[in-house]
Structures are given as structure tokens and as C-alpha cells.
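Hi everyone, thanks for making the time. I'd like to walk you through one structure, so let me put it up on the screen.

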Amino acid sequence: SMTEPESSFRPKGAYDVFLSFRGEDNRKNFTDHLYTALVQAGILTFQDHNEIPRGEEISKNLLKAIQESKIYIVVFSKGYASSRWCLNELVEILECKNRKSGQIVLPVFYDIDPSDVRKQTGSFAKAFDSHEERFKEKVKEWRKALEKAGNLSGWNLNDIENGHESKFIQVIVKDVLNKLDPKNLNVATHLVGIDRLVHTISNFLSAATDEVRIVGIHGMPGIGKTTIAKVVFNQLCYGFEGSCFLSNINDTSEQSNGLVLLQEHILHDILKQNAGTINNVDRGMVLIKERLCHKRVLVVFDDVVHLKQLNALMGERSWFGPGSRVIITTKDERLLLKADRTYQVEELKQYESLQLFSWHALGDGKPKKDYVELLNDIVDYCGGLPLALEVLGSCLSGKNKSRWKCVIDKLRKISNREIQKKLRISFDTLDDHKLKNTFLDIACFFIGRNKEYIANVLEARCGYNPEDDLGILSERSLIKVSASGKIGMHDLLRDMGREIIHEESLDHPGKRSRIWQREDAWNVLSKQMGTEVVEGLMLDARASEDKSLSTGSFTNMRCLKLLQINGVHLTGPFKLLSEELIWICWLECTLKSFPSDLLLDNLVVLDMQYSHIKEFWKEKK
């Protein structure tokens, strides 16, 4: 099947919230204030006097609104039970909740004790004395509904200090926002060749059993493991008490305190609140086990590279409650020994590759007849790798047949080596040297940083506004800009770019234009092996015991323009550093004052967050 899988089973209500209340009690005060606060928070809320058009039958519209809402807020007040309209509405709400999955009933006890609702005592008892005489057949149904609603978890005004309604409303709105928070993830528009595997994995994980089930998805980089995990996650996430998709685990874990950040992420996503301070990985492991062992959760661990990453997040399956489900994606099948089932993602078949490539190159899933021969040549070159098909498809999009033939001729001259080598064609087709440099700078130093931040550096680097260059790289799928403005790059493309730099000097990192690996950077600096070839260097020593270096290490790197030395303790005359520096990133700098002999004529970005500096210069400058 070539159809796109469903993205989610989430109930698609017309309203976020349905308000049920006794109008005579609080329509013009509490309920009106609550309604206003919900709407101001962007929550689409149904309130009968605002939503039902004049001249229409109220009961029919109320019934439709109840059926199409996601959350029901029932405001119990002293006069609520005296209204048979309210009681019938409550019965319909509870019946609707039972008929449909995913809908939530949240009671609000406004100036009334929950026990009065559950047991029909107090003002509710008086109301039912009257009902017993007039509506004997309905009373039993109403009592059952009140007992059930009174036992539900909700909010009690008496629990708020001094009974402040404004604080009470803030608590309700915050909780509703948390419950409405969309769980599903964005996936690619055109999904090809994954339906069968998605269906198989979903069926296995959907089985009604209290055992904790773990599945592993493995395969080569760029094959679609993460995409498949996202689609399965979207189909299942609304059937659990909590869910979390931990993406790019390897990248995050390599950051300072990266594993702790991941532990905090999973706890926050599932508990919807801060779990407390996690000082170290061991403490995080205990918290995950203690807080989640009774919860039925769905968790995805994406891009696991080392066993220690998995152990820090799920040492044992018993860390999660009965009925929980876990999905692990990795390039290394050896990390999936604890999985109940493992699935290897295979390369796309020829016809699937043709369809996927056609979507990206021609904007249509059906290959054009006059392009068939050219399409077949390119698809054969890509070897069924979805990422390669996407990159080359975007690269050829909008080009005529003669330019396609030129690209194909170029492909034929390059041996059909590993996939990473195939991806280099996307770099070779960049027709501008500065555009290539921009790609290599991002691949080596700027992945995950804000687009505006990067643009400031690149403008000084290339001598013009890089907006168009970044646009071209994005259009050709070489980089991606997230909704929050951060620039990302697939790890295959990143590795391809870094391999290009590595080939500049296989055995001498000091003769490469860019140095990003910690070991290479440390050796070049500590042994003073740098040369004029070096244009950029990145060293993060924050997690290392070895931090001290001499400024003399930079003496021969006269063309150095990009420098990151996070956590490094640098001593000696700073005039030995390159005059060409345009970017200095020195997080956690240990200096008390900024070195006055550092030449800053070309500097455009100075990033020294979390440093010990108390004054910029001791003298005027």
C-alpha cells in the first residue's frame, strides 16, 4: 500500500471545552470569568448563551456540542441539583464519555463539598426531595450520575488559600492546557513504502496485555527509522497515561549533562511538571523508576548509539508501569537485546523509490513518461535510501532534462560506494565556493544553533547577507530550519560534510581547514600542530579534566576565523591569537576580566555565557 498512514487517533472535537453549570448560580460571575480566561488562553470553549444561534432548538445544539467536545468542565454549585436541565446534561456528558475514548470530565466544586454531590446531601438533598415527587423515573439515573461525577478528580474552591477565585481559575486553565497539549508529532507529507511495517509494529504494541512490551527498529542511517517511529507514536499516544518521544538521544547525550537533560525531558513530558532537581545521572535513574513504575506510558528512544544511554533512561522494563510500550531506534542491532521484537528497515523497492523521488523532484507521485529513463538512473544510484532520494530530488526540482542528464552523467563517473559517499553529490552540485563553505561551517560548528545567530557569523565570513544561501541549502534539503528557528542537519549529511574536511589531510588534523573532534582539537593545540590552513576550531573541555592550554598553541593558525573553546583555561599573551577571528564562543571562561591584548577588529559574535568575567577590560579601550 502506498497510502499515508493515519497520523493520530485523537478525538477531533469541535470544541476544546464544554462548560456545564447552573446559570442562576454563577453565570454572571465565576462561570463567566472562567469562560473568559479559557478563551483568552486560546481554548475554544462552549457556553450555551454564547454559542447557540437564536431560533434553533437548544437541546439539539447542546447535544451536538457535548458530543463534539474534548473536555467537560462541570461546575457544581449549591443550586445545581435543582435544575433537571443540568442533571440531564450531566447524564449525557457521562454517557458520551463512555461511548467515546479520550474525552475527559473535570468537576469543579464551587462553594460546595464534593461529598454533597456524591451522596446528594445538603442542598442536593433538598433538591431531590422535590424531584422524588415529580420525576421518580429519572431520579435513579440522576443520582448515579452525581455519584460518579463526585468521585472524579477535579478542583475544589475550598482547597485554594482564602478561596480566591482568580487563583482558582488560573489553576483550572493551566490544567486544561496541559490536558489539551497535542501529543502527536509532525511527520513528512509524502510517506512511501512504510505502511506494512507501521501496521505490524502498531498491531504488536496495541495488543491488550499488561506486560511491558519493547520493540526495536534498526537499520542504516537515513533509512527511515525515526519516521516509522513517529507514525507509530502518533497512532498510539492517546491511549496511554503519558507519552514521550525522546529524539536525537545521541546528540543530546554528548552535551554537557546531556543524559540528565534527557532524564528531565522524559519526566516532564509524562508527569507534565518538573520532577525536582536532578544532580546526576544516578539520581535521574532513581526518579524515573520511582515516578513512572505505576504509570502506563508510551516512550520512544530515538537514535540510541551507546548502551549507557539506554540504561540511564530505562535500566529495566519494570521502570514503567504495566501495559507500557517502548520503541527504540538505533543503527546498532546489538543494543536491542532486551527488545521483545526487532524490525530491520529495508531499502525501498524500485517502484517505491520512483514514487518518493518523483514527489520531491517533480511534485507528483506518478513519474512522468518522458522522465522515466532519467528517473530510473537516479533511483538506481540512490540504492533505495529515502534520505538520498529526498536530497537529490530537491536538488533536481525545477531543473530541465538537460541539467538532469548532466547530473546523471556526473553520477556515473563516481563509483557506487557507501551511502555517505553517494550523498556527497548534493554537496558537489552546489555551484558556489562560498555556498559550500557555508554548508561545511554549519556541518562542523553550528548544528542546533539559532538561524539569526549563524547568519551573523556567516555574513562576516562570506561578505554578504547569507539569507539566500541558507534558503538554497534548505531548499536542497541540506539543512532544515525548525519552527523555533534552529538550524538542523541530518547526521548523514553532517558526516558527509565532515568527511570532506577529513580528506583534506588524512593523517594531520592541523592541516585541515576545520577541526571539530575533541581529540583532534586537543592534540593540535596541546602539541602546537596548527597551521595557516586552519579556519575553524571547536573544543569543548567542560566535561574534561584537562582544560589548561597556552595561547602559544594558536601562533601558527594565522587564518583562524571561527573559534569555540568552551571551558578551556587559556594562559599567555592573547595577541598570539589570529587577527582574523570573527566568532569566539567561550562558554564558562575562567578569566576574571577580558584580555585587553586580544585583537577584535574583525569580531562580530562574542559568546561568553556562564563565564566568570566581572569586567571587560581593566583599562579603557
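Let's start with residues 1–11, where pLDDT stays under 50. In the model, that stretch has 35 contacts beyond four places in sequence. Residues 50–58 also have a pLDDT below 50, and there the model shows 11 contacts beyond near neighbours in sequence. This is a predicted model, remember, so please keep those two stretches in mind. Across the chain, the average pLDDT is 86, and 92% of the residues score at least 70.

Now to a pair of helices. Two packed helices are described by the angle between their axes and the distance between the axes. Here the pair is α17, residues 372–382, and α18, residues 386–396. Their axes come within 9 Å and cross at roughly 140°, and the crossing of α17 past α18 is right-handed. Which residues of α17 and α18 meet? From α17 we have I378, V379, Y381 and C382, and on the α18 side they meet A388, L389, L392 and L396. By class, that contact has 8 nonpolar residues, with no polar and no charged ones.

Last topic: empty space. Rolling a probe the size of a water molecule over the atoms shows where such space is left. The structure holds 2 cavities of 30 Å³ or more. What lines the second largest cavity? You'll find R512, R514, I515, W516, Q517 and D520 around it. That lining divides into 3 charged, 2 nonpolar and 1 polar residues.

That's my tour, and I'm happy to take questions!

Technical notes:
Residues are numbered from 1 along each chain as its sequence is written. This is a predicted model: local features need pLDDT of at least 70, side-chain atom pairs count only at pLDDT 80 or more; totals for chains, interfaces and linings use all residues. Side-chain values use heavy atoms; hydrogens and water are left out. Axes are lines fitted to C-alpha atoms, for helices over the stretch in contact, and angles run from 0 to 180 degrees between N-to-C directions. Helices (H or I, at least four residues) and strands (E, at least two) are DSSP runs, numbered from the N terminus. A crossing is left-handed if the near helix is turned anticlockwise from the far one by less than a right angle, and right-handed if clockwise. Contact means heavy atoms within 4.5 Å. Ala, Val, Leu, Ile, Met, Phe, Trp, Tyr, Cys and Pro count as nonpolar, Asp, Glu, Lys and Arg as charged, and the others, Gly among them, as polar. On a 1 Å grid over the protein atoms alone, a cavity is a set of points where a 1.4 Å probe fits but cannot get out, and a pocket is an open set with protein on both sides within 12 Å along at least five of seven lines; lining residues have an atom within 4 Å of a point. Grid points are joined across faces, edges and corners, and a volume is the space filled by probe spheres set on the points. pLDDT is the predictor's confidence in each residue, from 0 to 100.
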